[in-house]
Amino acid sequence: MEIVSLKFTILSIVSIFVYYLLNHKYRAGFLAVLSCGFIATYSYILLIYIIIYAIFNYFIGLSLQGLKHKKAIFTFGIIINLTQLIILRYASFTIDPFIALFNGNVHVGNLARIILPIGISYFTLQGIGYLINLKMGWEKPEKQFIPFLLYIIFYPKFLSGPVERSNHFLPQLRSKIEFAEDNVVDGLKIAAFGLFKKAAIADQMALLINSTYSNLDNVDASTLWIVLVLQPLYLYFDFSGYTDMAIGLAKTFGVELLPNFNKPFLAHNVTTFWKRFHISLSSWFNDYVFRQLSFKYRKWGINASVFAMFVTWTLFGIWHGAGWNFMFLGVLQAIVLIYEFFTKAWRTKIGNNVPAPLNIWSGRILTYLFYGISLVFFFSPDLSSVSVFFTSMFESDRTLLLLNPGQVLALVMSMVFGLIFVILEIIQNDFRKTDAAIMKFWNGFDRKHKFFRWIVYFLVVVIIFFSAAEGKAEFVYFRF
Amino acid sequence: MKRFAFKTIIFSLFILLNFILINSIYLGLLMLTDWDCRKRIESLKFNNADFELLALGASTTSCGIDTEYLTDMGIKSYNLALDGATIKTSYFQLAEYLSNNVNRPDYVILGINPPIQKVFDVESINPLVEITSDGYELSLSDAPILRFRWLGYELFMKIVSRKHRLADFSFGQIKYKMSVVDNTDYCELYSEVERVASSHWIGEIVRLCSETGIEMLIVEMPGYKATQNLSKTGLGTIQSANGFQAKMVNLNSREFCRIFEDDDWIVNSHLNEAGGLKLTRELAKYLSK
């Protein structure tokens, strides 16, 4: 089922009413049924597969409660989780070439075409995270199956996260969720603005970005420069749009999901950027890979951190897909993060001798541009396309312009909307007093303020309709 | 919960009413200002029309064929071409005209521009034609702000640019006064007669004309230098995929396009009023042949 659709919106609103009309005992079950129905709209086989996956992890979790063979059960659980991920997601990159080496004619990658493992990169991390939490004693196994199933399949976050933590998600389902109008209204507002980000900003930018990467051989050089600068914003609005919809929708059901973005383009170095962008994923890798590795090899001293950082970020890159370009994406981040790690004192010293705004803004711009360059690895289908992209940026004999005047206008409008969001984030971050004044005006109680808010909401709805009519692009992170 | 449900209903009504209001205003503005809307409304009123010549095609035809000039020359003409119209749209328009009007035209000109219309057999129909045709069932997705978004671009350009407002609408032709110099370079292109002949929907128009005794002329419309071809200008005959014949003339040859000055163009291969007049004068010679 398409998320950016009237059908999904109406179904979601009706579900909210049904959810709160039901007895508390049946609410988790209702959400599980909704989530199963949602997944079934993509594939029944996927639904069956994911229920089996949840049953497996549920029982592994219960088995970890006993003291006997705890380590063996844990290892078995992790191996199965990783194996199914490798088979369904990375077979064409890892297993099939290996089989072909021995002249085998089996294509394990074909399994993915049958199961259609949408969201596998997300639910696998959640499954592994749950088992690690139990092994480390950070939480107790979930005794009831329905809440655990919901942890894996909860439909607002199923397709593209945030990557939930079991010790954050499950306790919420155990407590009684009362209807709170403010929560529901806030959730709907967050979801509406998420939808706006996706339909009115990201989808309009997608026209240029997608057609550039599918015409890399002859696209005009100036377009490539524009794409390089624009693509971080595109990915941000696409992904944070989805995340806002997920967080907002979950909030209407009284469930708080983990945050995924915190004004990422205001980060003044790559280290802080990754604490603000795709937070749930980067913090997952930080907690379950980096910390575990640096602790395990702590005897190596500082080298343990460097090694852990390198492994973590390489895995982070590979998580995004089966391809050398994704691995390079991760390695590139690792190199810069290690550089920042070793030069922190030196950079701080230089920074102290430069006026603060110049120091901060040069850092922000450099970080943004670095991420723009990194994304060429992300959006390109392979490494040779990455090379074509960078070399073509300096060729003047290319003439293919991709957009018609109407699409250019749509792109300009999306950039204006995007700029409004970015300016609001800057105000929120750097100009607290102005932000407080804006919020005071926005949250005013009298009729004038209320009417103003309703007009803004109406404009948001109209612009969403207006934008969605022209063409929709799939969410970028749906492929994971 | 009840309070929330009540608020939800009120808010939904607020959105719905304003949505209707916005759509009505948008539709009203388009009907008053948009050339294609006006043309469609005007052409739907043709009941006993006695045009001797109809021009069909997309925007290059809409700007380029001076039907007022042809009418003054004694061939009563109307330009039915619409911006972004597919060949299927042109077929649909012709069939609709023939079913609504007893008098058949003597000639039909179908303007095509291969470098722009990369694929002739696109199956979509121009939304203006589609939703105003008989038997079409309207749905929510046909709300003007959803369906006619691209006309919003034209409307926006008319608001911000005086040049875009400076145009006349006469006998279906849009006569732009502004000019944009063609800064493109020549490419090695040839007239794609085979592609035209093999097109399903061009074939259907040829068939319709043959069956109703209408002389049909397919015109490869002139474009910017980058789209002009090295083929000869002359008049020829093509055999369509469904076995019918029609005349075709290549007016997009470099040789022919020398008649145009730098200021005869508007953006992207479209002729302005002066350019359209020059083209139609030449085209009249072919019609007389």
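Me: Where is His278(A) found?

Reply: In this predicted model, His278(A) sits in the loop of chain A that runs between α13 (270-273) and α14.

Me: Is His278(A) buried or exposed there?

Reply: His278(A) counts as buried, because its relative accessibility is 1% and the cut-off for buried is under 20%.

Me: And what is the phi of His278(A)?

Reply: The phi of His278(A) is positive, about 45 degrees, and the residue is not a glycine. For context, most residues other than glycine have a negative phi.

Me: What about the phi of Leu116(A)?

Reply: Leu116(A) is not a glycine either, and it has a positive phi of about 55 degrees. Leu116(A) lies in the loop between α6 (110-115) and α7 of chain A.

Me: Buried, partly exposed or exposed, that Leu116(A)?

Reply: Partly exposed: the relative accessible area of Leu116(A) is 35%.

Me: On to packing. At what angle do the axes of α3 and α7 of chain A cross?

Reply: Helix α3 (residues 44-63) and helix α7 (residues 120-136) of chain A have axes that cross at roughly 10 degrees and come within 10 Å. Angles under 35 degrees count as roughly parallel, so α3(A) and α7(A) are roughly parallel to each other.

Me: Which residues of α3(A) and α7(A) make the contact?

Reply: From α3(A) the contact uses Tyr49(A), Ile50(A), Tyr53(A), Asn57(A), Ile60(A) and Gly61(A). From α7(A) come Phe123(A), Thr124(A), Gly127(A), Ile128(A), Tyr130(A), Leu131(A) and Leu134(A).

Me: How do the residues of that contact of α3(A) with α7(A) divide?

Reply: There are 9 nonpolar and 4 polar residues in the contact of α3(A) with α7(A), and no charged ones.

Me: At what angle do α7(A) and α8(A) pack?

Reply: The angle between α7(A) and α8(A) is about 135 degrees, and their axes are 9 Å apart. The pair α7(A) and α8(A) is therefore oblique.

Me: Which residues meet in α7(A) and α8(A)?

Reply: On the α7(A) side, Phe123(A), Gln126(A), Gly127(A) and Tyr130(A); on the α8(A) side, Phe148(A), Tyr151(A) and Ile152(A). By class, the contact of α7(A) with α8(A) holds 5 nonpolar and 2 polar residues, again with no charged ones.

Me: Gly127(A) again. How many Å separate the C-alpha atoms of Leu82(A) and Gly127(A)?

Reply: The two C-alpha atoms are separated by 9.9 Å, with Leu82(A) and Gly127(A) 45 residues apart along the chain. Leu82(A) belongs to helix α4 (residues 70-89) of chain A, and with a relative accessible area of 38% Leu82(A) is partly exposed.

Me: Switching to rings. How many aromatic pairs over all chains?

Reply: The search of the whole structure finds 79 aromatic pairs. One of them is Trp138(A) with Tyr288(A), a tilted pair at 6.4 Å centre to centre and 40 degrees between the planes.

Me: Which parts of the chain does the pair Trp138(A) and Tyr288(A) link?

Reply: Distant ones, 150 residues apart: Trp138(A) is in the loop between α7 and α8 (145-153), and Tyr288(A) is in helix α14 (residues 279-296) of chain A. Trp138(A) is partly exposed at 44% relative accessible area, while Tyr288(A) is buried at 6%.

Me: Last one: what lies over the face of Phe169(A)?

Reply: Lys157(A) does, at 5.8 Å from the ring centre. Elsewhere, Arg364(A) lies over the face of Trp361(A), at 4.7 Å from the ring centre.

Note on methods. Residues numbered from 1 in each chain as written. Chains lettered and ligands numbered in written order. Predicted model: local features only at pLDDT ≥ 70, side-chain atom pairs only at ≥ 80, totals over all residues. Heavy atoms only, no water. Axes fitted to C-alpha atoms, helices over the stretch in contact; angles between N-to-C directions. Helix = DSSP H or I, 4+ residues; strand = E, 2+ residues; numbered from the N terminus. Parallel < 35°, antiparallel > 145°, perpendicular 65-115°, else oblique. Contact = heavy atoms within 4.5 Å. Nonpolar A, V, L, I, M, F, W, Y, C, P; charged D, E, K, R; others polar. Phe/Tyr/Trp six-rings, centres within 6.5 Å; stacked < 30°, edge-to-face > 60°. Buried < 20%, exposed > 50% of the residue type's maximum accessible area, 1.4 Å probe, protein only. Lys NZ or Arg CZ within 6 Å of the ring centre and 35° of its normal.
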